[in-house]
Amino acid sequence: GAVVSQHPSRVICKSGTSVKIECRSLDFQATTMFWYRQFPKQSLMLMATSNEGSKATYEQGVEKDKFLINHASLTLSTLTVTSAHPEDSSFYICSAPTGFSYNEQFFGPGTRLTVL
Amino acid sequence: QQQVKQSPQSLIVQKGGIPIINCAYENTAFDYFPWYQQFPGKGPALLIAIRPDVSEKKEGRFTISFNKSAKQFSLHIMDSQPGDSATYFCAATPDSWGKLQFGAGTQVVVTP
């Protein structure tokens, strides 16, 4: 299947700092990427849709000023958690539709964020 | 409100058994139904997907059964192995470019 990478895989930061997470499509171009958050033993919750060359669209209840998304190229989307607090600690996962076949979505390996 | 209802929450089977996970939906606009497998600390991996114009699809030991009139679909894992122990999520979307609506997930444990 198609490959989506994320960096970093794990990050620990102090409360009040900002953290940037990168999502890359390695073998295909993605005009759209999705960002999810997953708490332990829960399902994936869609946070926002990242659109190459335009503003991201956020799901209801997700603070766009806190979770900044930039989709600067066809292979890279970044999520910046600004002024992180302990309640932002979670597993952040991106996905991208590949454009192959039925445009299956493939997910990155996830980023574990821990805010102290 | 969860648009895709998944059950059971967890199940335990012996090696060689056939875990069955069920999902139901209401939105008739859903047109693409993928299943994902997730191991702890990893991102979900696409297992198999189906469109409503077919009633069954097999890939290796994984089979999706789809009942369009009942708006239900299920995943069967044939000849299950301990390595299949993972959390499985069903999902649905109006088209494969669209936002995925995930079920709550089913934790499957396959004992040796």
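1. Let's start with A:Glu22, which is partly exposed because its relative accessibility is 24%. Here, buried means under 20% relative accessible area, exposed over 50%, and partly exposed in between, with a 1.4 Å probe and protein chains only. A:Glu22 forms a salt bridge with A:Arg24, and their closest N and O atoms are 3.5 Å apart. A:Arg24 also counts as partly exposed, at 34%. A salt bridge here is a side-chain nitrogen of Lys or Arg within 4 Å of a carboxyl oxygen of Asp or Glu.

2. A word on how to read this model: it is predicted, local features need pLDDT of at least 70, side-chain atom pairs count only at pLDDT 80 or more, and totals for chains, interfaces and linings use all residues. Residues are numbered from 1 along each chain as its sequence is written, chains are lettered from A and ligands numbered from 1 in the order in which they are written, and side-chain values use heavy atoms, leaving out hydrogens and water.

3. How many salt bridges are there over all chains? The search of the whole structure finds 7. Side chains of opposite charge can pair when their charged atoms come close.

4. One of these bridges pairs B:Lys99 with A:Glu59, at 2.8 Å from N to O. B:Lys99 lies in the loop between β9 and β10 (101-102) of chain B and A:Glu59 in the loop between β6 (57-58) and β7 of chain A, so this pair joins two chains. Strands are DSSP runs of E, at least two residues, numbered from the N terminus.

5. Another bridge links B:Lys71 and B:Glu26, with 3.4 Å between N and O. B:Lys71 sits in the loop between β7 (62-67) and β8 of chain B and B:Glu26 in the loop between β3 (20-25) and β4 (33-38), so the pair ties together parts 45 residues apart in sequence. Is B:Glu26 buried or exposed? B:Glu26 is exposed, because its relative accessible area is 61%, while B:Lys71 is partly exposed at 22%.

6. Do look at A:Ser73 too, in strand β7 (residues 67-73) of chain A. A:Ser73 and A:Glu52 are 21 residues apart in sequence, and their C-alpha atoms are 6.1 Å apart in space. A:Ser73 is partly exposed, with a relative accessible area of 27%.

7. Last, find B:Met78 in the loop between β8 (72-77) and β9 (86-92) of chain B. B:Met78 counts as partly exposed, at 30% relative accessibility.

Methods. Helix = DSSP H or I, 4+ residues; strand = E, 2+ residues; numbered from the N terminus.
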